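Please read it alongside the sequence and the model.

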Amino acid sequence: MWSTPGVLPLWMKKFWPNPCSTFCTSEINSISARVLLCLVIPSHLIFFSVIYLVEGRSVPNGKTFVVFYLLAGLIQVTILLYLAEVMVRLIWHQALDPDNHCIPYLTGLGDLLGTGLLALCFLISWLLREAELDGISEPASGPPY
């Protein structure tokens, strides 16, 4: 916003910023990243509730699945926010418009990460449910009477 394309401001000279600087400083980008991270859980809960209301019982609604779903959302957004910071610096250094060049990559990566993490949520939920069922269905071992 304040610099010439191809020339990064002094405080952005590093192409690979420390993740802490992306999320834990008083800079405007860091504050925006924290706000977006704070919106992940409420927005995913609203989205999950709407899907559950529309689809009904076909949606897994166990506490374990919901916790892993929310954790996957946090992981996805954290990775995307950090990569957006890195990509914008690299693209700006090449004197290109980050809006035109970063958004398609971040959208595709968001889809890929979201799909992979959601599949992992289903897999973990299924594995935990199977382990729980196996523990219930096995007869208790002990001395015969």
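A residue counts as buried under 20% relative accessible area, as exposed over 50%, and as partly exposed in between (1.4 Å probe, protein chains only). The model is predicted: local features need pLDDT of at least 70, side-chain atom pairs count only at pLDDT 80 or more, and totals for chains, interfaces and linings use all residues. Residues are numbered from 1 along each chain as its sequence is written, and side-chain values use heavy atoms, with hydrogens and water left out.

**Salt bridge**
- The structure holds one salt bridge (a side-chain nitrogen of Lys or Arg within 4 Å of a carboxyl oxygen of Asp or Glu).
- Glutamate 85 pairs with arginine 89 in this bridge, and their closest N and O atoms are 2.8 Å apart.
- About one helical turn separates glutamate 85 from arginine 89, because they lie four residues apart in helix α3.
- Glutamate 85 is buried, at 12% relative accessibility, and arginine 89 is also buried, at 4%.

**Helix α3**
- Helices are DSSP runs (H or I, at least four residues) numbered from the N terminus.
- Helix α3 (residues 63-93) has 31 residues and reaches 45 Å from its first C-alpha to its last, close to the 45 Å expected at 1.5 Å a residue (1.5 Å times one less than the number of residues).
- Alanine 95, which follows α3, has a positive phi near 65 degrees.

**Leucine 39**
- Leucine 39 is located in helix α2 (residues 28-55).
- Leucine 39 is partly exposed, with a relative accessible area of 47%.

Technical notes: Helices (H or I, at least four residues) and strands (E, at least two) are DSSP runs, numbered from the N terminus.
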